[in-house]
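Reader: I am new to this. Could you take me through one part closely, namely the sheet and the core around it?

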Amino acid sequence: MEIIKSPNFNFIGKKNIAYIFSCVVIIWGMVVLAMRGKDNFGVDFVGGDMLNVEFKQSISVNDIRARLKELNIGSFSVQVLGTEGKEFIIKSGPNTSEKIVEKLETTYGPEGDAFSIKGKSSVSPSMSISLRKKAFYAFILGMIGILIYITVRFEFRFAVGATLAIFHDILFVVAVLALTRKQIDASVIAALLTIAGYSVNDTVIIFDRIRENIRKTRSDDYFTLFNKSINETLSRTILTVLTTLFVVLLLFLIGGETLHIFAFCLLVGFVIGTYSSVFIASAIVIDWHRWKPHKFKV
Amino acid sequence: MMKQYYYRFLLILAVIVLCIYQVYPPEKKIRRGLDLQGGVHVVLEVTETSQDEKVISDLADRALEVIRNRIDALGVTEPVIQKEGTKRIIVDLPGVQDPDRAIEIIGQTALLEFKLVSDDPELLKKALEGNVPEGYELLYFKEKDERGIYRESRPLLVKKEPELTGKYIEDAYMGYDSSGFPDVNIVFNKEGAALFEAVTANNINKQLAIVLDGIPRSAPVIRERIPGGKAQITGKFSVDEARTLAIVLRAGALPAKMDMIYREVVGPTLGRENIVQGFRAAMYGAILVVIFMLFYYAAFGLLADFALALNILILLGVMATLRGVLTLPGVAGIALTCGMAVDANIIIFERIREELKTGKSPKAAIDAGYKRAWAAIIDSNITTIIAGLILFFLGEGSVKGFGLTLSIGIVANLFTAVFVTKSIVDWVMITRKIERVRI
């Protein structure tokens, strides 16, 4: 069985449309990100408390919100889990969860009777700073590692194309998170690094074929050659991401709340990673070549 | 020629048997993280204004010893108590039933006492039968059993009222006695020196127990009256034991003030839900991949599926061998490995199709497919490993588990997807004399 037989699309020719599409989404997302400020981040990056509460009976979110508002504990958020309206995640400022539990007890009845606390966490501002720092270092280190590896295996221009494509993927996912009003936490950083490591796979497979075709044909009509290489590898580009998406989709749909954001990032990131491998990474190398022609050594 | 394949299959078989042996039974062999079994994860930080790193680091050492002492008393299976950097302590208590109580216990200030040990065997016998004499209490030493869990061992009947407490100690450090064995030196402050002299004078040849938070750590015998406020504890200490005892004494002298800067509590229900949901998602995902491969590549798909199953088995085997912790993101890592494991085979199979189209014989096409796909597979796996390793080394808690499973999975993938499938394909091609292949 074969999904696509001998494809012949002009991918590189569509690069300007792709550039515009990507820029619009990323810029729009970044604007929303800037406007949301602290709300973009989960408790591990700004410090604060989180409670996972399950009630015996279903309760409306608005009711909980109204009750907690009486406490004057600054900003907080209440999120419903599942469809029954019994389980909630309450995020609030540092050292406020005890007050919240007290309030829930006076309002709805004692803990253990009316509700149970399934999980809780609290992160002090000083811890959140070091978590942020660590995430930042992890990220920079990952990018440098990948950049060096591709430079060694291919050529510097290819490495730059691949790295810019990774940046594109990461920014795109962050933009989508901002646009869908989701919060960035430690699991998102893990997802972003995974996307960086995985989305470069498709790019490498295409570059590998470009390298092979340059060797074989000795042609310097790079525009045609790049297009041909992308088309030749198209079926495996799609198939490899497809099998991975099967798994990620199931993690997203039935993996439970804890994995939800993580799987969401991977879902968006892997699709965008494939898109950028086809439309962005090679296109950057071609544009660079048009600007400053260069004969690729292979 | 055939012999080479027998060796290969023997190797593959050995790997399978070894991994099954390491993994089975999985509930016992694979360590589960807090998020999969419930428990407490806290990070404590020494609050000390001193700029001297050594001072801060010493404070953290003392606090660590105090915390370890208490956690051993709780009898938690496989607790993790470790220092991070100079001033932070990480405590992981998997499966704790009452997390709030555990957190409370960790946060208390250390209490060090010196208590006289009763030397009357009759009194001890009575106490063990349940009649603890007035003014006395029964304490137990704690020792690690073969599974690493602390259990109560030797009983000790001591006077309830302490002779001295930690506040009379000025310093304590490890040293060496005249014959070169490690010993522990205690320096009492002025008030303590006088008290200690009186205690030692009145109780020669009796044992004086050093008790930290209600657990005896050592019970040296008083040999003579000790004036001047300087004492040595000698015995058959190892360097480690002597150092630990010195830290315990210092911890009692000036307990370090700690801030709990990170606290995560996962209730047992949430842990169970996480494990059920995580595994269900991973399993269905894997099944979907397996069916897809069969459907798309027929016999070759079956081969890739076998490689996938082997990949997961090796991943779990290595996890069990390294005593790695499986966390919920770790389960996601395994799931992801399922999705990525077949990627290498897809790259190879697509290449074989291309080679077949150029009119090559099946044997030549397969050889060329494997050979030419190798570079792409290595390149793409290594970039993913770079990300995985960084997450393992820099990640916190559950994210670390993700980095671990992802990295192991990708490395195992090179073996299963390339070596194992190639060996089987070659063997089939040789023994069956296949003229045409459908892929």
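Author: Start with a term. A nonpolar core is a set of buried Ala, Val, Leu, Ile, Met, Phe, Trp, Tyr and Cys residues joined through C-beta atoms within 7 Å. A residue is buried if 20 or more other C-beta atoms lie within 10 Å of its own, exposed if 12 or fewer, and partly exposed in between, with C-beta atoms placed from the backbone.

This is a predicted model: local features need pLDDT of at least 70, side-chain atom pairs count only at pLDDT 80 or more, and totals for chains, interfaces and linings use all residues. Residues are numbered from 1 along each chain as its sequence is written, while chains are lettered from A and ligands numbered from 1 in the order in which they are written.

Now the core. The largest one holds 216 residues. Those that touch the most other members are A:V173, A:L192, A:I195, A:L251, A:C265, B:A63 and B:A335. Helix α9 of chain B (residues 268-322) gives the largest share, 22 residues. Helices (H or I, at least four residues) and strands (E, at least two) are DSSP runs, numbered from the N terminus.

Look at B:A335. Two residues are in contact if their C-beta atoms, placed from the backbone, lie within 7 Å. Setting aside neighbours within four places in sequence, B:A335 is in contact with A:V247 and A:L251 in chain A, and with B:A281, B:A282, B:G285 and B:A286 in chain B.

Next, the sheet. Two strands pair if DSSP finds at least two bridges between them. Eight strands form an open, antiparallel sheet in the order β2(A)-β3(A)-β1(A)-β4(A)-β14(B)-β2(B)-β4(B)-β3(B). The edges are β2 (76-81) of chain A and β3 (80-84) of chain B; each has a single partner strand, so one side of each has no neighbour in the sheet. From one strand to the next, the twist averages 20°. Axes are lines fitted to C-alpha atoms, for helices over the stretch in contact, and angles run from 0 to 180 degrees between N-to-C directions.

Zoom in on one pair. Strands β1 (residues 48-55) and β4 (residues 115-123) of chain A run antiparallel, joined by eight bridges.
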